[in-house]
Structure formats: structure tokens, C-alpha cells
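This report is meant for a reader who is meeting this structure for the first time. It begins with the strands and how they pair, and then turns to the cores, the helices and a few individual residues.

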Amino acid sequence: MDKESFWILLDIIEMHLPSTGESRVRGSICSIPNGPITHTARLSMALRIAAGGDPLDIAVNHGVSDAEPTESFWLVVDAVHKSFQLDINFPTSHEAQYELAQEFRSKSTIGITNCVGAIDGILMWIHKPTDQDCDVLGFRQTKFFCGRKKKFGLNMQAVCDARRRFLWVELRYPGSTSDFFAFDQSSLKCQLERAGFLREGLCLFGDAAYANSSYMCVPFRSATGTHDHFNFFQSQLRINIECAFGMLVHRFGMLRKAYSECINRKNKFSNLGFMQTPQLLH
């Protein structure tokens, strides 16, 4: 993140951060050897945590106690989710949807005009959930284990535009859930099935994990000839969501390792959770 973007983000979320007087400070309750922790420092520590930094190193660099970087991260997560300017919402106006399709058209070798977004799922890596976590969330431990990735995680569905910005994100099901089922139960599918929501002729481009429909274009299976040619040009646009995931994980290093606190903070999952925060800032 460049310096200008940092200050813009701080301006957006600062009203939702606790005042420096309410923030915890280094040292004992009665002493403030380094002064109150500023909002600038809070955001700086949170971004370093999100980038995959070690909390102990971050604490030393910012002159705070060992617990403050993680505390700052959660304060910033809450502030981000309270800032409507950072909300991810799939465009509902036909004009905006048409503009998205035009951007995809410019990236298509044959000028495909009906792609409004690229969709796919990604496994968000977590530690093995405890029995208590499973009781709260209503899933068995085995449901969180993805056999293909050999990891515990959560299935996150996302749609991006031609510039690889996220248009919609939903994280509701454990890692063993198929992309088909996760999307089938999603809020976006309900919107897409509503008459008049999507501009006529437009649809999402997904891989073969999804089902072909009036609002979803997927590749042919065991394709040859012209069908194989279609699959190539369809993947030329669909690959944007794969690239968006790659950029996201590269930018936010915390997603490259299992995180232990996400399930315990169930209240954050009620609004897509801390794992949506990187997408909001992407």
C-alpha cells in the first residue's frame, strides 16, 4: 500500500476506531511511557499483521506491548466493516453491469460481450477447529477438512471484474463444501434468479464446478473442435478471478498460513468475518 492510499484508508475508518484515550497503552495502567497509541500506529500495525508480519517484531518497531499489534488488527477489522465506503456490493444497475461487460470485452480476443463477472472459490486456510468451535458453527471437524488441499479451511466464493476488483464475496461454509453447493446457497444466486436483476444477455463466467444456466456460463466438458475453442476464450476471461485470488494472497501474507483466531470470533463471520477484510482493501 502506498502512502497516499494509507492516509485515504485512515480517513475512512478513523471515526470507527476508539479514541487514543480509550486505547490500551504500553506499560502499567497508571503509566504511559510512550504515550497513547495513535490511530496511525493502529492502522500501521494492522496492515503489517495482514501482510504476514510477526506480531513481536511489529511490537518492537512500534514501541508497544506484545499484545497490541493483534489488538490493533481486530480494532481495524471492526472499523473496516463499519465503513460503508468499503462495502463490496454486486452492482444492481443495468448501466453499471453493462460497463463491467464492456471492460471484459476489451480483454477478450474475440470480443465476448456478455461477461459481467468472473466467479470461483478459494480455500481460506485455518487451524483445525476445536469441538467448541464446531458446536458454535454447527459443523463437524471433518467438514472443515479439504481433501484436495489437505488443509482445514473455509470455502469462500467471490466474483471479480475485468480489473480484478472484488464485486461480491461470501464465506459461509466449511472447506469440504463444493463450489457448486456454496454458490447454490449464496445470496448472489438468489439475486441473479430474480427477474430483471441482471441485464438481459449478461452472465457470470465460471469453471466446470458450477452449473450452466441463464446467468452462469461454464466450459464444455470433454470438449473438442469448436467447443474446445470456446473453452479457451471463456477461460481467457474467467482467469481474472484466479489472478485476483493470487494478487490477494500475495498482498496479504496472513492468508498464506493457517490462522487460529478466526473461528473463535464468530461475530465477525456474521458479516463475512475478518477474512473478508483483505478483499475490502484489495
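## Strand 1 and its partners

Strand 1 pairs with strand 5 (residues 203-205) in the parallel sense, over three bridges. Within this pairing, Ala 118 stands opposite Phe 205 of strand 5. The model described here is a predicted one, and what follows should be read with that in mind.

Strand 1 also pairs with strand 3 (residues 151-160), here in the antiparallel sense and over eight bridges. Two positions illustrate this pairing: Ala 118 stands opposite Cys 160 in strand 3, and the bridge partner of Asp 120 in strand 3 is Ala 158.

Strand 3 is mostly covered, with nine of its ten residues buried. Strand 2 and strand 3 form a hairpin that has four residues between the strands, and Lys 150, which lies in the turn, has a positive phi of about 60 degrees.

Strand 3 is joined to strand 4 as well, through seven bridges and again with the strands running antiparallel. Here Val 159 stands opposite Trp 168 in strand 4. These two strands also form a hairpin, in this case with five residues between them, and Arg 164 takes a positive phi there.

Which residues touch the most other members of the largest nonpolar core? In this core of 56 residues, they are Ile 13, Leu 43, Phe 73, Phe 166 and Ile 241. Apart from it lies another core, made of 19 residues, among them Trp 168, Leu 192, Leu 202 and Leu 204.

Leu 202, one of the residues of the 19-residue core, is placed in the loop between helix 8 (187-192) and strand 5. Its relative accessible area is 7%, so Leu 202 counts as buried.

When its neighbours within four places in sequence are left aside, Leu 202 is in contact with Gln 97, Tyr 98, Ala 101, Thr 113, Asn 114, Val 116 and Ser 214. From Leu 202 to Ser 214 the separation is twelve residues in sequence, and their C-alpha atoms are 8.4 Å apart in space.

## Helix 2 against helix 4

Two packed helices are described by the angle between their axes and by the distance between those axes. For helix 2 (residues 39-50) and helix 4 (residues 68-82), the angle is about 95 degrees and the axes are 8 Å apart. That angle makes helix 2 roughly perpendicular to helix 4. On the side of helix 2, the contact is made by Arg 42, Leu 43, Met 45, Ala 46, Ile 49 and Ala 50, while helix 4 contributes Glu 68, Pro 69, Glu 71, Ser 72, Phe 73, Leu 75 and Val 76. Taken together, the residues of this contact divide into nine nonpolar, one polar and three charged.

Leu 43 of helix 2 and Phe 73 of helix 4 both take part in this contact, and both are also among the residues that touch the most other members of the largest nonpolar core.

## Two loop residues with positive phi

Arg 164 is found in the loop between strand 3 and strand 4 (166-174). Its phi is near 65 degrees, which is a positive value in a residue other than glycine. With a relative accessible area of 26%, Arg 164 is partly exposed.

Is Ser 222 buried or exposed? Ser 222 counts as exposed, at 77% relative accessibility. Ser 222 is found in the loop between strand 6 (216-217) and helix 9 (225-251), and although it is not a glycine, Ser 222 has a positive phi of about 45 degrees.

## The chain as a whole

The protein chain has eleven helices and six strands. Of its 282 residues, 46% are buried. Among the contacts in the chain with a separation of 6 or more, 64% are accounted for by residues 24 or more positions apart.

Terms used: Residues are numbered from 1 along each chain as its sequence is written. This is a predicted model: local features need pLDDT of at least 70, side-chain atom pairs count only at pLDDT 80 or more; totals for chains, interfaces and linings use all residues. Side-chain values use heavy atoms; hydrogens and water are left out. Two strands pair if DSSP finds at least two bridges between them. A nonpolar core is a set of buried Ala, Val, Leu, Ile, Met, Phe, Trp, Tyr and Cys residues joined through side-chain atoms within 4.5 Å. Buried means under 20% relative accessible area, exposed over 50%, partly exposed in between (1.4 Å probe, protein chains only). Axes are lines fitted to C-alpha atoms, for helices over the stretch in contact, and angles run from 0 to 180 degrees between N-to-C directions. Angles under 35 degrees count as roughly parallel, over 145 as roughly antiparallel, 65 to 115 as roughly perpendicular and the rest as oblique. Contact means heavy atoms within 4.5 Å. Ala, Val, Leu, Ile, Met, Phe, Trp, Tyr, Cys and Pro count as nonpolar, Asp, Glu, Lys and Arg as charged, and the others, Gly among them, as polar.
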